[in-house]
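Please open the model in a viewer and keep the sequence panel at hand.

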Amino acid sequence: MSLEAIKELRAKTGIGMVDAKKALDEAGGDIEKAIESLRKLGAIKAAKKGDRDTNEGLVRAYIHSNGKMGALVEVACETDFVARNEDFESLVNDIAMHVAAADPLYVAKEDVPEEVLIKEKEVAEADLKK
């Protein structure tokens with residue numbers, strides 16, 4: 001495996017050197033296949049952690065300077081250590097700002113019409129097959 005390929009994979013994914021080399025070895029040196037494999041592995045790891053309790057977190061409000069647009073978001077985490085972290089606080093503030101800027105059509109999953117859910121699932125599944 002070339003050092004350049006490992007560096008490129010690390011730059012694209014942010015993973016460590018050993019993990020990048022392993023992913024490239026498993027993908028036969030193909031960077032795109034390695035990325036796809038890492039995405040699947042990430043989804044599997046996330047699913048395994050999905051049942052953990054998230055009893056900590058932050059609630060943040062963002063109100064645009066014109067006072068006509070705003071968002072209130074809650075982002076949960078597992079520990080108070082994370083909730084008190086400056087990076088986490090910044091993330092929650094950024095999410096609130098992005099939600100307001102995105103001008104969402106629905107507030108809750110229950111508000112989304114069934115046909116919209118079906119269409120979005122089809123798009124997501126097609127993206128995963130790429």
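Begin by selecting Ala5, Ile6, Leu9, Ile15, Ala20, Ala23, Leu24, Ala27, Ile31, Ala34, Ile35 and Leu38: these 12 residues form the largest nonpolar core. A nonpolar core is a set of buried Ala, Val, Leu, Ile, Met, Phe, Trp, Tyr and Cys residues joined through side-chain atoms within 4.5 Å; buried means under 20% relative accessible area with a 1.4 Å probe, protein chains only. Next, colour α1 (3-13), α2 (17-26) and α3 (31-49), each of which supplies at least two residues of this core. Four core residues, the largest share, come from α3.

The model is predicted: local features need pLDDT of at least 70, side-chain atom pairs count only at pLDDT 80 or more, and totals for chains, interfaces and linings use all residues. Residues are numbered from 1 along each chain as its sequence is written, and side-chain values use heavy atoms, with hydrogens and water left out.

Now centre on isoleucine 15. Apart from neighbours within four places in sequence, isoleucine 15 is in contact (heavy atoms within 4.5 Å) with Leu9, Arg10, Ala20 and Leu38.

Then select Leu58, Val73, Ala83 and Phe88, which are among the eight residues of a second, separate core.

Finally, display the whole protein chain as a cartoon. The C-alpha trace spans about 55 × 40 × 35 Å along its principal axes. Of the 130 residues, 18% count as buried.

Definitions and conventions:
Buried means under 20% relative accessible area, exposed over 50%, partly exposed in between (1.4 Å probe, protein chains only).
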